[in-house]
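Biologist: I'd like to know where the words in a structure description come from. Can we go through a few of them together?

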Amino acid sequence: MSAVREETDRKIDELLGTFPRKGSALLPALFLIQEEKGFISPDSMEYVAGKLDVSPVFVAGVVSFYTMFYTRPVGRHHIQICRTLACALRGCRSVLAHLEQRLGVGAGETTPDGKFSLEAVECLGACDKAPLIQINGEEYELLDPKKVDEVLDRLE
Amino acid sequence: MPDSKPIDPIHPELPTPGSDEVSLLIDGRPIVVKKGTNVLEAAARLGVQVPYYCYHPGLSVAGNCRMCLIEIEKVPKLQIGCATPSTQGMSVKTNTERVLESRQGIMEFLLINHPLDCPICDQAGECGLQQYSAEHGRGFSRFEEEKEHDAKREAIGRDVTFDAERCIKCTRCVRFCDEISQSHELGLFERSDHSIIGTFPGRPLDNPYSGNTVDICPVGALTWTPFRFKARVWFLKNTPSVCAACARGCNIEVAVYKNRIQRLTPRENMEVNRYWMCDAGRSSYEEIAARPRLDRPRVRTGGEAPCAASWDDALEGAAELLKGIVSRHGTKATAAIVSARLTTEDLYVARRTLVDAIGIPRIAVPPHEEGEDDDLLIRRDKTPNARGAELIGLGRPDAGRIKEIAGDVLAGRVRGLVVIGEDPLGDGLLADSALDSLEALIVVDRSVTRTVEVAHVALPSRAWGEVEGTYVNCEGRVQRTRAALRPENESEPVWRVLSDLGRRFGRPSEYASAAHVFDEIVEGQPAFEGLSHKVLGRLGAPVKVE
Amino acid sequence: MASEPLLLKNVGIADSWTIDSYLKSGGYEGLKRVLREFEPEAFATEVKNAGLRGRGGAGFPTGVKWGFLPKNKDKPRYLCVNADESEPGTFKDRLLIEENPHLVLEGIIASCFAIECHTAFFYIRGEFHKGYRIFKRAVEEAYEKGLLGKNIQKSGFDLDVILYRGAGAYICGEETALLESLEGKRGLPRLKPPFPALVGLYGCPTIINNVETLANVTLIAERGAEWYASLGRPPKNTGPKLYCVSGHVKKPGVYEAELGIPLMELINERAGGMLHADRPLKAVVPGGSSMKILPASKCDVLMDFDSLMEAGSMLGSAGVMVMDSGTCMVQALLNLARFYAHESCGQCTPCREGTGWLVKILERLESGNGAESDVDLLSDVARKVEGHTICPFGEAIAWPVQSYAAVFRDEYLEHVKRRGCPVGGPSLV
C-alpha cells in the first residue's frame, strides 16, 4: 500500500522500535502522516492500523479524540486563536472578530482559496502573552487588530 | 454462611470466611463471597439490586456509567460497586441518602440528552433507562434546553440498527467486539457530549455474533433490525429453550407473539454459551418458518398426485407398505434415514420402532456440516443432537452410510425407505431415479420437502419450537428444548408418530409425553442415569461418560 | 523572602536553553553530587525530607509518592514527566521548558536515579511546538555529554529519555489519561485503584511528576534537603514556586517566589498592579481555572498550599488570573464552562452530560433569559458532578461553578432581574 511516502513509512518503522510497546507509536505516526499529507484520511488510518496491529476503528477513534489531528485539509496558514478566559480577559474577542472580518470566514472555516483556516482553540498555555494566536505552530503574542494586520500582511 | 442466631445489624460478628473467601456487610447484612467478587455481585447475592448500565459480568469493567455508586465505610468518596472488589470486613451501604441522591443525579444526566421516544422504541419494556428512572429518577425534568442531536436509524451492521441519540456510551457493545467476538468493528469517536459509537468507513458491524451487542445494549441504541417494530416486548411470551442451529446448543429464550416466533435471544448458561449466541442461531427460526408446512398426512398411490389422508389411514398405509416389502424381500430390503436434528426422545422411539419393531437393519444419520468450529460457540456440525443419536445407538452422523443406502436403493436391494426429518432428495443424497425401484418411501417431516413430494406416505411432524424434548450438545450436555408455539395443523411430535407406527408392528408401548419417553431412555441408558426433564431444568446436565 | 531566583536562574541570559550556558552556571553539579554521594533510596529520602510537594496541582509530597512504588523490581518502572501544561491560566512549565530545559532534565535524571528507573517519558503538550524543539535539543545535548544513556558519569546508572507529543486534549494532564495517551490511545482516565505507582504505563510501576516539581528536585540535588526545607513556609510549604499571573495586570508573566508570598504582593509589586487605574480588583482565581475564585475581599492571602486551602481555594497550578471590576462573572464562568465542556473526555456520565448542561444554563443566564432558579440549578448540577466522576475533572468543573455562583450570587441574580448583564465590560464569550 502506498498510503504514505517511503520516507514517512521508514520513519514510522523507526518509531515502532522506539517504544517498549509499539502501540505508543500511534500518536507520533499520525503526526508524521499529517506532516506529509496535511490531514489524516481513512486510507492513512488503515495504513497506520496495519503497521501497529490495531483496528482501523481504533485509530479513527484516536484521531477524533485529539484536536490537533485533522481529517480534512486545512488552509495553508492555519490560524488558531486562544479563546479561553485569560485571553478573553485581555480582549481576544475583538482580535477574533477582526480576523473573521478580514478573512471573511468564521471560526472553524477555511477561506475559499484555501489560504487560511481560522480556528478558535482552548488555552494555549501562554496567558502572559494574551491575546495570542498560533499560525502553523508559530506564536504571535499581545495582539490587537493592528498587529494582526501586520502579521497577516507578511504571509504569502 | 451465618448461622441462624440473630445478628446485631450494627455490630455483627462477621462469619469466618474460607481460605479463598471474604466476609463483608452489605446494608448491615453479612455475606461470605469468593475473593475478587465485586460488590455488585455480592449485593445481588443478598437480593440487593444495585443499578448499573455499563457493567456486564462477561466483559471487562469500564466503570463509566457511574450508576452503581455506593458508600463504603471509611472511604470518603462514593465508589462504583462494579470496580470494587469485596474485601474482608468491609461495610457497604447501597441505600444511604448520598447514594440515592447520586443515583438520581446520574439518571438525570443520562436523560437530559435522551430523546425519550419510548413509544416508538423497541427497547421499551426492557430498557434500563425506563426501569431505573422509575426506581431512581426525579420524576420530572429540570432540563429546559435543546437536546444534543445525533444520527438515528443508522444501519450500523447487517442486522443491527443504531440510534445514537438513545446511546448512553456505556461501551458494552465496543467491549463485546473487542473482547468476545474480537472483530473490532466498533469504536468510540469524538469526546465530551459529542462522544459517539461508530464504525470505520466500509467496515460495518458484521461478525457472526453481532446480535449480542443488541442484547447487551441496556437502552434502545442498538436494535435487532429483523425485530424492529415487530412487537412490544411486554406482549412477548418467552420460553426458555435451546438453539438447534448447531451442535453447541446455546441456551435461548424463544419470544412468541401471535403464535409466531419474533426473536431468539441468548439465555445465560455458564456451562454452554455464557451470555451469548451467534447470529446464525438467532436468525435460524426465520428460515424454518419460511418453508411450506406439511400440515396433514398425505398418501400417494401409483403415479398419482398425493392425497390428504387421515392419520389412521396414512399410518395404516405406511405399515402395509413396509410389511409387504418385508414379506416379499425380507427386512434386509428396508433402510432408514433419521435426522440428528430430532430430539433424543424422537430418536429413541425411532430406534424402538424402526429397528426393534419393524426390524430395519440399517439406519443412517446424515451429517450436516458447514464451515469450521470457531473459538467461541459456532460448531461445524449443524445438527443439535448428533451426540444424542450416538448415545441412543443410531451411530454418529456418517456420510458413508447414506451413500451405501443410496447405492442399495439404486441397485434395487433396498425397496422400502423410511426418512425422518431429512430431505435426501433435496439435499442430493438420493437421486430422483432411485424412486423407480422404491416400493415404499415413508417420510416424516415438518415441511413439504422434495422428498415429501414424492413419498408414498408423508406424515406431518412437529419440529423445533413446537415440541418438548432434549438434545445432547457437542460437549455431552443434555438440555431441554421447549414448545413455544401452539400447533395450527394436524402435525404430531415425531416420537408419537413413530410410536403409533410401532403399534402397528406389535410394539405395545405408549407414551403420554416426551418426558415419559425420556424416563424410559434413562432406564435403559447408563449415560442418562439420574436425569429427567425435571432434573434437567433450565440449564441441563452432562451425560455420564464411561 | 529571599529574592535570588532559583528556578528561573538562567532565564533571560543569552542562549539559556543550551547545555553550555547551563553548565557555565554550575548546571549538572547537583546531579553529579547525587550520583557520587547517594544511594538511590537515600536521595529519595532527601527529597522527602525537603518537603517538596508536587507542583502540578494536587500538592502531594513527591517523596511520599515515590515511596508508593513496589519494593520488588521484577518489572521495569517508568517516570512520566507531565509536561502537558493545559490548565487555563498556567504557563510556568512552558517557561521552564523553553528557557531552562536542563534544570528540568537534571531533575529528571536525579529523580530516575532515586526511583531506580531507566526509561523516562517526557509527555509534552502538542501545542508547545517551540518547547518540543528546545527540549529535544536539550536531550540530545545531554546524551552527547554523557548525562543520558549508559553508565551516566561512570556511575553505572543508565537512563533514556523519550519525548512524546500530546495531540490536543486537556484531559491528558490527568495522570492516568496521560498514560493512556502515551500508550497511543484515546486519553481516557483510568479507574483507580490500581494507582500508577503499582500499575501504570504498560502495566508497570510508574511515577508521574510535573515539570516544575522535577526542576525543584534539581535544587534539592544541588543544595540539599535542609537548605530546601528552610525556604518558603516550613514545614509543609517549602521551596520556591513559580506563579503565573495573567488577566487584568500591567505585567502578566511568570514570577518566582518562595511559597507563601502574599497574593497582593504578587499582583501589585511583581505584576505591576491592575491594568486599568479606574478598574479595581474584583476577583482572583489563584490556582488555575479549576480552583475556586476569591473575591477581592479575600485576596489578602498567602500563596501556598495550606493558606489557600484555608481561604477556601487551592494553590493548584498557581495560575493566578486577575479580574477587575469590568469583568462579568457570568461570562467568565461561561467561558470556562465552554472550555470544560469541550475538554471533557466524554467517558463518564456526570462529566460528559453535566458540562454541556452547565454551558446551556449559563448561556441562558448570560443572554438574559435565565430564571432565579437557574442560579441554584447551576450549583446543584455541579454538586451532582462533583465526587461522582472517574477523574478529578469533575471537581475541576464543579468547583469554579459552585464558587462563582455562590460568591457572585447577587450579580447572577442581577442578570435575571435585568434580563442582561449589569457589568457592561468587554465580552468574554
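Modeller: Strands here are DSSP runs of E, at least two residues, and helices are runs of H or I, at least four residues, numbered from the N terminus. This is a predicted model: local features need pLDDT of at least 70, side-chain atom pairs count only at pLDDT 80 or more, and totals for chains, interfaces and linings use all residues. Residues are numbered from 1 along each chain as its sequence is written, while chains are lettered from A and ligands numbered from 1 in the order in which they are written.

Biologist: Why is S11(C) called an edge strand?

Modeller: The open sheet runs S8-S7-S13-S10-S11 in chain C, with mixed pairing. Strand S8 (253–258) and strand S11 (294–295) of chain C each pair on one side only, and that's what puts them at the edge.

Biologist: How do you know which residues of H7(B) are buried?

Modeller: We count neighbours: a residue is buried if 20 or more other C-beta atoms lie within 10 Å of its own, exposed if 12 or fewer, and partly exposed in between, with C-beta atoms placed from the backbone. Ala314(B), Leu315(B), Ala318(B), Leu321(B), Leu322(B), Ile325(B) and Val326(B) in H7(B) are buried. Looking down the axis of H7(B), these buried residues fall within an arc of 130 degrees (taken from the directions from the helix axis to the C-beta atoms), so they line one face. The face turned away from that buried side carries exposed Asp312(B), Ser327(B) and Arg328(B).

Biologist: What makes the length of H7(B) close to the expected one?

Modeller: The expected span is 1.5 Å times one less than the number of residues. H7(B) (residues 311–329) has 19 residues and reaches 27 Å between its first and last C-alpha, close to the 27 Å expected.

Biologist: How many residues of chain B are in contact with chain A?

Modeller: Contact requires C-beta atoms, placed from the backbone, within 7 Å. By that test, 12 residues of chain B touch 9 residues of chain A. Strand S8 (residues 186–189) of chain B gives the most to chain B's side, with 4 residues.

Notes
Pairing = 2+ DSSP bridges. Contact = placed C-beta atoms within 7 Å.
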